Amino acid sequence: MHVLILGGTTEARRLAELLAAEPLPGLRVTNSLAGRVSAPRTPPGEVRVGGFGGAEGLAAWLREHTVDLLIDATHPFAGTISFNAARAAATAHVPLLALRRPGWVPVEGDVWHETGSLAEAAALLPALGRRVFLTTGRTGLAAFAALDELWFLVRSVDAPDAPRPSRMEVLLDRGPFTLDGERELLRRHRIDVLVTKDSGGAATAPKLTAAREAGLPVVVVRRPPVPEGVPVVTGPGQAARRVREAHAGRPDALSPDRRGPHVSG
Ligand code: NAP
């Protein structure tokens, strides 16, 4: 049985670790990384790096490498590859499972402004503050490039490319982040407003807690939906269980009806 994990996330790596920890007879696991990050944390198993060439390229790869199960464990905001995975799986007649960490849910004290895109987030900012903590990653900074009157603290794993805001400081860091560290960042940089994608994961994130404590507004960019009809699990343990069930020939292992809870879209 050959499983292809589309990765680039902590959950994808954890799934590969779980499968490697209790190897199933004849199970081959290939991890696919986009190649965006200069020094990725590589998971156990085989690793391939780089795009496939769209849905058709991915479908061809699935056939050529006789993949039995495709797992889309990419980031909730990696919408293109998820769409391609759904199309390729259908074309190549390979079962597909999506592993999506749950989205964040606001709690009492949160002042959230939810938006559908980075452009909408940028349009909101001038009314919310002058000093912005931007944690949406190094791609997509172009959406904020015209906001010359605002100052940005941009946190990303690798240095962002142009176009980007004219008044900004870059903080290269990949976490995990601590609550004390986030509080200190907000204080030291006199942040007025936080911008984040609804990346989700743990029940909350230290940056959200720190913003809540400081009474700061948070602009939350909603995630794109999981493609229609794709079964979803919300954790690496659940995904590993589905792999084991599929390996054992259990017919409902990858049934679309067995959707995980709390997944938006
Ligand atoms: P995207 O916009 O959905 O994908 C763009 C293209 O990158 C895809 O069409 C595909 O190229 C290639 N690609 C993406 N993920 C791939 C993978 N795992 N293996 C092989 N090719 C892949 O994705 P993105 O937002 O640029 O994210 C790229 C990677 O970074 C993903 O693997 C994702 O899990 C990870 N990541 C993304 C974010 C985020 O906020 N978007 C955050 C953390 C990590 P082809 O069409 O040529 O196949």
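Thr66 is exposed, with a relative accessible area of 55%, where exposed means over 50%, buried under 20% and partly exposed in between, computed with a 1.4 Å probe on protein chains only. Thr66 is found in the loop between helix 2 (54–64) and strand 4 (69–72); helices (H or I, at least four residues) and strands (E, at least two) are DSSP runs numbered from the N terminus. The model is predicted, so local features need pLDDT of at least 70 and side-chain atom pairs count only at pLDDT 80 or more, while totals for chains, interfaces and linings use all residues. Residues are numbered from 1 along each chain as its sequence is written, and side-chain values use heavy atoms, with hydrogens and water left out.

The backbone of Thr66 deserves attention. Most residues other than glycine have a negative phi, and most peptide bonds are trans. Thr66 has a positive phi, near 40 degrees. His93, which is not a glycine, likewise has a positive phi, of about 55 degrees. His93 belongs to the loop between helix 3 and strand 5 (96–99) and is exposed, with a relative accessible area of 71%. Cis peptide bonds are found at two prolines. One joins Ala162 and Pro163, with omega about -5 degrees, and Pro163 lies in the loop between strand 8 (151–156) and strand 9 (168–172). Another joins Gly175 and Pro176, with omega about 0 degrees, and Pro176 is placed in the loop between strand 9 and helix 5 (179–188).

The next topic is the ligand. It is surrounded by 23 residues, the closest being Gly7, Ser32, Arg36, Phe52 and Gly53; a residue counts as near if one of its heavy atoms lies within 4 Å. Helix 3 (79–92) and strand 2 (28–33) each supply at least two residues of this shell, and helix 3 gives the largest share, 4 residues. A backbone N or O atom of Gly53 lies 2.9 Å from an oxygen atom of the ligand. For Thr80, a polar backbone atom is 3.0 Å from an oxygen atom of the ligand. Taken alone, the ligand exposes 810 Å², of which the protein buries 75%; these areas come from the Shrake-Rupley method with a 1.4 Å probe, and for residues only the protein chains shown count as cover.

Asn31, in strand 2, is buried, with a relative accessible area of 2%. Its side chain reaches the backbone oxygen of Pro44 at 2.8 Å. Ser82, in helix 3, is buried at 4%. The side chain of Ser82 makes a polar contact of 2.6 Å with the side chain of Arg100 and one of 3.4 Å with that of Thr74. A polar contact is a pair of N or O atoms within 3.5 Å; within protein, one must be able to donate a hydrogen and the other to accept it, and residues adjacent in sequence count only if both atoms are side-chain atoms.

Rings of Phe, Tyr and Trp (its six-membered ring) pair if their centres lie within 6.5 Å; planes under 30 degrees apart count as stacked, over 60 as edge-to-face and the rest as tilted. By this rule there are 2 aromatic pairs. The rings of Phe52 and Trp61 have centres 5.8 Å apart and planes at 80 degrees, so this pair is edge-to-face. Phe144 and Phe152 also form an edge-to-face pair, 5.9 Å centre to centre with 65 degrees between the planes.
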